[in-house]
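Here are my notes for you on this fold. Keep the picture open while you read.

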Amino acid sequence: MRIAIVVSDFNSEVTAPMLHRAIEHATSLKAEITRTAHVFGVFDMPLIVKALLKRKDVDGVVMIGAVVKGETQHDEVIAHAVANIASQLSVEFEKPVGLGITGPGMTDEQAAARIDNAKNAVEAVVRVFKEMKNLGE
């Protein structure tokens, strides 16, 4: 299986270790990372995810980011919008998209405690890909 990863550089103190954990877990599952793309923030991911899903050398995409609570509800708007688009793109391209974006509503400390959630997104992409292959046979 060939995976692409899109990671937000905003909150990089959390997302950089998340990327590292995702790559380690993909390697342990014998999944190949064919592309890694960096974007500024979580909201910037959908166009890159769509471009990656169009590629023949990408079987699934993992999205990695951390949406931390601010003084407004901006974090909720961003997280919900991106999660919705991720599921739409997955269905449109019939390829799994793993939502390794933590939040909304988190503090910086809660975000740091959820770094391992990046592994869950990789796990989800690999499992869905395998299940889709089984259903297609």
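**Notes on the sheet and its helices**

1. Start with S8, which sits opposite V39 in β2. The strand β1 (residues 2–8) runs parallel to its partner β2, with 7 bridges between them. Here two strands pair if DSSP finds at least two bridges between them, and helices (H or I, at least four residues) and strands (E, at least two) are DSSP runs, numbered from the N terminus.

2. A word on the source: this is a predicted model, where local features need pLDDT of at least 70, side-chain atom pairs count only at pLDDT 80 or more, and totals for chains, interfaces and linings use all residues. Residues are numbered from 1 along each chain as its sequence is written, and side-chain values use heavy atoms, with hydrogens and water left out.

3. Now zoom out: the open sheet has 4 strands in the order β2-β1-β3-β4, paired in parallel. β2 (32–39) and β4 (97–106) are the edge strands with a single partner each, so one side of each has no neighbour in the sheet.

4. Next, find helix α1 (residues 12–28), which packs on the sheet and touches β1, β2, β3 (60–68) and β4. Contact means heavy atoms within 4.5 Å.

5. Which residues of α1 meet α5? They are M18, R21, A22, H25 and A26, and they meet A118, K119, V122 and E123 in α5. By class, this contact has 5 nonpolar, 1 polar and 3 charged residues (Ala, Val, Leu, Ile, Met, Phe, Trp, Tyr, Cys and Pro count as nonpolar, Asp, Glu, Lys and Arg as charged, and the others, Gly among them, as polar).

Notes
Axes are lines fitted to C-alpha atoms, for helices over the stretch in contact, and angles run from 0 to 180 degrees between N-to-C directions.
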